[in-house]
Amino acid sequence: MPVSTLEFLPFTRPQLDAEDIQAVVDVLVSGWITSGAKVQQLEAGVAALTGSQHAVAVCSATAGMHIALHALGIGPGDEVITPSMTWVSTVNLIVLLGAKPVFVDVDRDTLMTNAERIEEKITAATRLIIPVHYAGAPLDIQPIRDLAEKHGIAVLEDAAHALGSSCRGEPVGKSGSAIFSLQAIKNVTSAEGGVICTDDAEFAASLKRLRFHGLGQDSFDRTTQGRSPQAEVVEPGFKYNLPDMNACLALGQLGRIAAINGKRQELASYYLQKLKNIKSVIPLGLPDYPHEHVWHLFVVRVNEERMGLSREQFMEALKARQIGSGIHFKAVHSQKYYREAMPDAGQGLDNTVWNSDRIVSLPLFPGMTTADVDRVVAAIEEISAEAKR
Ligand SMILES: Cc1ncc(COP(=O)(O)O)c(C=O)c1O
């Protein structure tokens, strides 16, 4: 296999500019480096972008999921329906809280679930549905909400990938409750971070308490630049607040999110066009309802027969050509702990299993050029031609 001398093309790279770096410096010299004015501005910015009534910033989407599950009282005896085609954090938390994860299959081409599939999994013990907006595409959420309402079950949207996306004209996060991630590879990042959007004032108040020790008052007072002396613990909480040092990074990107997501859309369209006649990889399908896709990831499935290589061999061959790639995701039920703890959990998850063995995320980030896409596509063609020789 030839070893490339080209510069390494990572599968992603954060989109930070000189102003973002200055923003961190400004926070550092300001005298207030933890949660404060920048967090408040970030929450206001996310609320304005999504149209949500309440936005609560936290130190990760995982932390947000933890306090949300805690606030909903999820625990032993409860079942929570979620796809196995997701990041492990959600399922880990369900298990850690003593509840039972119930995996629902996804569409073979969008990797998102739907109301029909979820309905089959509902039992008397079902308390919550956590559907996932996948790779920057939005779920068709309304039928899922209608189903949940019919059964008196809560819905918490995993919108880790979906900041800025919309379904049928409604931004993800505008209604209901949705958790966005600001982790390093996300379209808008604070290095680590997350924001929970909700239209439920009580839920929002509970999340605000739980993210900061269970204190009944905010940790930051704009005028005194400190905590109100009368702040008291009203319930035991966690320490999941987002520092201003992180919030300020995401704030800058939020201001240019249209350009960030627009560049991703442009590159994704170019990929789709270039891959149209290539049979060794199969891009994901697009949802068949009106939507805005923000292309957090560009995912393809390796067609082993046409490629002449397994997914792992293909990723190695990309790496040898100085091209990074990722897997989003290896299905949760197929990972060691879950294989052993829930050996039957993969049953009936045919589309999840098929994709889990084949998916690869190709490089996609706003700093890329169409020439970089050409390079990736040429590498795919070269790798499969070489494998067949
Ligand atoms: C689908 C999904 N859910 C949740 C998370 C957790 O996000 P965070 O890393 O901010 O905790 C991720 C992170 O990549 C994710 O991809």
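Helices (H or I, at least four residues) and strands (E, at least two) are DSSP runs, numbered from the N terminus. The structure is a predicted model, in which local features need pLDDT of at least 70 and side-chain atom pairs count only at pLDDT 80 or more, while totals for chains, interfaces and linings use all residues. Residues are numbered from 1 along each chain as its sequence is written, and side-chain values use heavy atoms, with hydrogens and water left out.

Two pockets are described here. A pocket is an open set of points, on a 1 Å grid over the protein atoms alone, where a 1.4 Å probe fits, with protein on both sides within 12 Å along at least five of seven lines; its lining residues have an atom within 4 Å of a point. Volume is the space filled by probe spheres set on the points, which are joined across faces, edges and corners.

The largest pocket holds about 360 Å³ of space. Its lining has 22 residues, and Trp87, Ser89, Ala160, Ser181 and Lys186 are the closest to the centre. Helix H3 gives the largest share of this lining, three residues, and H3, helix H4 (88–96) and strand S9 (177–181) each supply at least two. By class, the lining comprises nine nonpolar, 10 polar and three charged residues; Ala, Val, Leu, Ile, Met, Phe, Trp, Tyr, Cys and Pro count as nonpolar, Asp, Glu, Lys and Arg as charged, and the others, Gly among them, as polar. Domain 1 (18–255) and domain 2 (257–388) each contribute at least three residues to the largest pocket, with domain bounds taken from an automatic or database domain assignment.

Helix H5 (residues 115–119) provides the largest share, three residues, and the classes are six nonpolar, four polar and six charged. Here too, at least three residues come from each of domain 1 and domain 2.

Beyond neighbours within four places in sequence, leucine 72 is in contact with Arg127, Leu128, Ala154, Leu156 and Phe203, contact meaning heavy atoms within 4.5 Å. Serine 166, in strand S7 (residues 166–167), is buried because its relative accessible area is 13%.

Key: Buried < 20%, exposed > 50% of the residue type's maximum accessible area, 1.4 Å probe, protein only.
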